[in-house]
Amino acid sequence: EPLTGFQITNHTDLSCTIKSVAEETTEEFEAMLKRVFLLNLSMARSMTSFFQTKAHDQLDDILFLEKSTNTLTALCKRILSKRGYAQPTKTGMMYTLLSYLERVADQYRDISKIVKENSNDKDLKTINEKIENLLELLYLHHRKLESKVQELREKRRVAETLVESALATSSKSKTLMLSHYHAMLGLLNEIERLIVIIHLES
């Protein structure tokens, strides 16, 4: 049964982390934001693992991670609503950034529900790996992204080209998945742009 005031924020096959969400603090915001980036990356890794192994428990993991993302982004937004960001002029941008990260998780949730029909598709596997690389860069460097902007843009363009090429000959079910990946790349573009703006205004 759920425990009031607590939420599972991380889990592995052998353990889980339970966090009190009853008393949120501004000091925890940056750590929770980083955790949201990691959750997005973990969803991409689980999808890559599914393409490699066809293990359906990876899809269950994605659904769990999406719910965890919703919980953490809601908590971060509550902190912003109550106390604002440490640098008040960035509060609105941070709120938008959290919404974009949540929407990335939504895309993976939706993909996980339809991927089984295309589990052997090499195009989709490659595209997912490219997006995983983008998410890893964002997770590792979101605090100082300027040095990675060119690399991010080049990698994103490669992924966009792969999506456009695959769309030319795709089946109906594959087209639906490609549309989710296309939307995700658009979100990652906005996330990158927003992070750079936030940093430049430091």
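1. Let me start with R153 and E192, whose side chains meet in a salt bridge at 2.7 Å, N to O (a side-chain nitrogen of Lys or Arg within 4 Å of a carboxyl oxygen of Asp or Glu). This pair links distant parts of the chain, with R153 in helix α5 (residues 149-167) and E192 in helix α6 (residues 172-200), 39 residues apart. Helices here are DSSP runs of H or I, at least four residues, numbered from the N terminus. E192 is buried at 2% relative accessibility, while R153 is partly exposed at 32% (buried is under 20% relative accessible area, exposed over 50%, partly exposed in between, with a 1.4 Å probe and protein chains only).

2. A word on the basis: this is a predicted model, where local features need pLDDT of at least 70 and side-chain atom pairs count only at pLDDT 80 or more, while totals for chains, interfaces and linings use all residues. Residues are numbered from 1 along each chain as its sequence is written, and side-chain values use heavy atoms, leaving out hydrogens and water.

3. The salt-bridge count comes to 14. E102 pairs with K77, their closest N and O atoms being 3.5 Å apart. Because E102 lies in helix α3 (residues 91-112) and K77 in helix α2 (residues 57-83), the pair ties together parts 25 residues apart in sequence. K77 is buried, at 15% relative accessible area.

4. Within helix α3, R109 and D106 are three residues apart, about one helical turn, and form a salt bridge at 3.4 Å, N to O.

5. Finally, 19 of the 25 residues of α1 are buried.

Note on methods:
Helices (H or I, at least four residues) and strands (E, at least two) are DSSP runs, numbered from the N terminus.
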